[in-house]
Amino acid sequence: MALTQTMTTSFKAELPQAVHNLLTDTIQMALYTSDATLDASTTTYAFTANEVVAAGYTAGGVVLTGATINTANNVAYISFDNPVFNAALTARGALIYNVTAGGKSIAVLDFGADKISNATFTVTFPANTSNSAVLRIA
């Protein structure tokens, strides 16, 4: 496995530079196979041979909608609506990235094992709380 779940280091550095506006920018999620190499050092989305290839799946993935930003317990936390991919596919992880900012990476998700769908693949984000939201900045 070469996927490491993390908020990318470049995203952390770009936040105080106002590179990302998660409420107004186009944020996408691309799916990857277990052969992908994605971790904290991933700086941008780039289609690779290890992005999922399947009928109904478009390279680059889907747009994330419903962004919400909240704060509690000295944590800023961000979540999105659960993305749906209308395709039969197998994915091990994902990259969340900012299309508006030239494909700059935000976070790598590791699903823990290959996940398989026969028709529709839905990524279910954790509860939108300061302890579990998909993106948390403490």
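This is a predicted model: local features need pLDDT of at least 70, side-chain atom pairs count only at pLDDT 80 or more; totals for chains, interfaces and linings use all residues.

Analyst: Residues are numbered from 1 along each chain as its sequence is written, and side-chain values use heavy atoms, with hydrogens and water left out.

User: What makes E7 and E8 a pair?

Analyst: Two strands (DSSP runs of E, at least two residues, numbered from the N terminus) pair if DSSP finds at least two bridges between them. Strand E7 (residues 89–98) and E8 have nine bridges, in the antiparallel sense; therefore they count as paired.

User: Why do E1 and E3 stand at the edges?

Analyst: The open, antiparallel sheet has five strands in the order E1-E8-E7-E2-E3. E1 and strand E3 (62–63) each have a single partner strand, so one side of each is left without a neighbour in the sheet.

User: Which residues touch the most other members of the largest nonpolar core?

Analyst: A nonpolar core is a set of buried (under 20% relative accessible area, 1.4 Å probe, protein chains only) Ala, Val, Leu, Ile, Met, Phe, Trp, Tyr and Cys residues joined through side-chain atoms within 4.5 Å. Of its 36 residues, Met 29, Leu 31, Tyr 57, Leu 89, Ile 96, Phe 125 and Leu 135 touch the most other members. E7 gives the most to this core, with six residues.

Definitions and conventions: Helices (H or I, at least four residues) and strands (E, at least two) are DSSP runs, numbered from the N terminus. Buried means under 20% relative accessible area, exposed over 50%, partly exposed in between (1.4 Å probe, protein chains only).
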